[in-house]
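This report describes a single protein chain for a reader who works with its coordinates. The sequence and the model are shown first.

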Amino acid sequence: MQASVSRSPRRWLIGLLILLLVALLAWWLWPAASAHKEQTGRMGKNGRPGFGGSTEAVPVRVEPVRVGDFPLYYKALGTVTANNTVNVRSRVAGELVKIHFKEGQTVKAGDLLAEIDPRSYRIALQQAEGTLAQNQAQLKNAQVDVARYKGLYAEDSIAKQTLDTAVAQVAQFQGLVQTNQAAVSDARLNLEFTQIRAPINGRVGLRQLDLGNLVAANDTTALVVITQTEPISVAFTLPETELTTVLERYRSGAALPVEAWDRSDSKLQSSGVLGSLDNQIDTTTGTLKFKGRFENKDQALFPNQFVNVRLLADTLKNVVMAPAAAIQFGNDGTFAYVVNADNKVSVRKLKVGASDGQNSVILEGLAAGDRLVLEGTDRLREGTAVDVVEDSSQVPTTPGQHLQGQDSKGSIEAGTPGKAGA
């Protein structure tokens with residue numbers, strides 16, 4: 001018990017000494033840290049100045065505001081769909097004896113694809129034709145009897161009932177001959193069905209039945225699938241908030257261009273026009289379905305392929321455009337840093353319209369020729385002096401250069417508010 005009491009004051013004493021040493025060390029190092037901070041704040045271009053602690057000009061890169069035409073694109077995900085898809089099946093039963101197509105081949109309507117063993121169907125046709133000939137002979141004989149009975153009845157040599165029976169027999173044989181003619185036509189049609197032909201123009205897929213297989217009429221397994229690829233369609237959807245501009249142009253009869261880009265959105269696959277639209281909005285997603293029509297002469301689009309769709313809804317004429325990289329977002333809204341003639345920046349509040357990721361339409365706040373800061377904005381405040389290290393407005397433009405500085409791939413993401421109204 002005494003040992004425990006004696007150790008407690010010793011621990012307190014050691015702890016107190018450690019605290020004193022830490023306090024002395026902090027007091028000793030404090031002037032050095034303050035001096036280093038003051039020296040760093042006065043470094044200028046050779047060091048990193050603090051916010052508001054340096055009077056050196058901030059190096060920036062600027063680009064001017066331009067006026068020109070702005071293509072208003074809407075962007076969506078699309079699926080390539082064939083206008084017609086046919087599962088080719090046999091309409092008669094029999095053995096598959098010949099195949100006349102290659103997998104992946106392009107065929108035309110009426111081209112011979114395969115043949116079913118026709119022998120049994122030829123025999124059936126011959127039987128039907130024989131029955132028809134037999135009944136036609138009986139009909140002819142009955143007609144001769146009617147003519148003979150009419151003469152005898154006129155001479156009052158036979159009863160009226162005998163003539164009526166002969167007339168009824170002629171009618172009976174006439175009906176029988178018509179039935180036989182239908183049987184002949186049916187047998188001839190079945191014989192034609194032994195030759196399986198392409199019902200549409202398109203591309204055949206992989207063969208699903210081989211030679212020697214017994215094929216049933218309207219079998220569940222198709223011989224091959226044909227898809228029409230010229231022309232072809234791309235189905236996509238747009239949100240109901242962006243329908244105003246598209247529907248106005250479509251109903252006016254304008255041909256709205258549609259572009260299909262690959263999944264990486266880097267290569268243009270094909271160009272077409274808006275072909276049709278659905279008659280109702282999907283209430284679960286708030287979108288309307290559209291279909292673009294593509295000639296697809298180069299076979300660049302395949303059915304069920306996923307593509308990025310860009311629909312040119314309109315072209316805004318003579319609008320003010322600014323680089324999207326120069327537009328800033330803060331607590332007070334959208335703004336940009338404008339470099340004045342005295343190389344000092346001022347903050348301009350903006351009202352922004354449509355954007356394609358590279359350029360944005362400016363509705364209010366800027367005019368053509370204003371120089372906007374693209375890089376170095378994190379160190380700028382109202383009235384900050386800047387050093388322009390690169391100014392694209394000073395670069396001479398060639399006659400073929402695009403005035404707006406836009407890329408033809410510019411597009412507006414579907415669902416972005418305010419784009420159609422711009």
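## Basis and overall make-up

This is a predicted model, in which local features need pLDDT of at least 70 and side-chain atom pairs count only at pLDDT 80 or more, whereas totals for chains, interfaces and linings use all residues. Residues are numbered from 1 along each chain as its sequence is written, and side-chain values use heavy atoms, with hydrogens and water left out.

The chain has 4 helices and 22 strands, where helices (H or I, at least four residues) and strands (E, at least two) are DSSP runs numbered from the N terminus. Of the 422 residues in the chain, 35% are buried; buried stands for under 20% relative accessible area, exposed for over 50%, and partly exposed for values in between, with a 1.4 Å probe and protein chains only. Among contacts (heavy atoms within 4.5 Å) between residues at least 6 apart in sequence, 77% join residues at least 24 apart.

## Strand pairing

An open sheet is formed by 4 strands in the order S7-S6-S4-S9, with antiparallel pairing. Strand S7 (195–197) and strand S9 (214–215) stand at the edges with a single partner strand each, so one side of each is left without a neighbour in the sheet. Two strands are said to pair if DSSP finds at least two bridges between them, and strand S4 (residues 94–99) pairs with S9 in the antiparallel sense over 2 bridges; glycine 94 has valine 215 as its bridge partner in S9.

Elsewhere, S2 pairs with S15 in the antiparallel sense over 13 bridges, and leucine 77 has asparagine 308 in S15 as a bridge partner. S2 also pairs with S11, again in the antiparallel sense, over 5 bridges, with valine 234 in S11 as the bridge partner of valine 80.

## Helix H4 and its cover

In helix H4 (residues 243–251), the residues Leu243, Thr245, Val246 and Leu247 are buried. What covers the buried residues of H4 includes strand S2 (66–82), strand S11 (232–239), strand S13 (268–277), strand S14 (287–294) and strand S15 (306–323). Glycine 253, which follows H4, has a positive phi, near 95°.

## Salt bridges

A search of the whole structure finds 14 salt bridges, each being a side-chain nitrogen of Lys or Arg within 4 Å of a carboxyl oxygen of Asp or Glu. One of them joins the side chains of aspartate 145 and arginine 148 at 2.9 Å, N to O; both residues lie in helix H2 (residues 119–154), 3 residues apart, about one turn of the helix. Aspartate 145 counts as buried at 19% relative accessibility, whereas arginine 148 is partly exposed at 45%. Another joins aspartate 210 and arginine 207, whose closest N and O atoms are 3.2 Å apart; here aspartate 210 is partly exposed, with a relative accessible area of 40%, and arginine 207 is partly exposed at 34%.

The side chains of arginine 310 and aspartate 265 also meet in a salt bridge, at 2.9 Å, N to O. Arginine 310 lies in strand S15 and aspartate 265 in the loop between strand S12 (257–261) and S13, so the pair ties together parts that are 45 residues apart in sequence. Arginine 310 is buried, with a relative accessible area of 3%, and aspartate 265 counts as buried at 17%. A network of salt bridges links Lys75, Asp265 and Arg310.

## Cavities

A search of the whole structure finds 2 cavities of 30 Å³ or more, a cavity being a set of points, on a 1 Å grid over the protein atoms alone, where a 1.4 Å probe fits but cannot get out. The largest cavity has a volume of about 50 Å³; grid points are joined across faces, edges and corners, and a volume is the space filled by probe spheres set on the points.

Lining residues, which have an atom within 4 Å of a point, are for the largest cavity Arg89, Ser90, Leu96, Ile116, Ile196, Leu209, Val215, Asp219, Thr221 and Leu223. By class, this lining has 6 nonpolar, 2 polar and 2 charged residues, where Ala, Val, Leu, Ile, Met, Phe, Trp, Tyr, Cys and Pro count as nonpolar, Asp, Glu, Lys and Arg as charged, and the others, Gly among them, as polar.

## A buried loop residue

Isoleucine 327 lies in the loop between S15 and strand S16 (328–330) and is buried, with a relative accessible area of 8%. Leaving aside its neighbours within four places in sequence, isoleucine 327 is in contact with Thr334, Phe335, Leu350, Val352, Ser360 and Ile362. Isoleucine 327 and valine 352 are 25 residues apart in sequence and 8.9 Å apart in space, C-alpha to C-alpha.

How values were computed. On a 1 Å grid over the protein atoms alone, a cavity is a set of points where a 1.4 Å probe fits but cannot get out, and a pocket is an open set with protein on both sides within 12 Å along at least five of seven lines; lining residues have an atom within 4 Å of a point.
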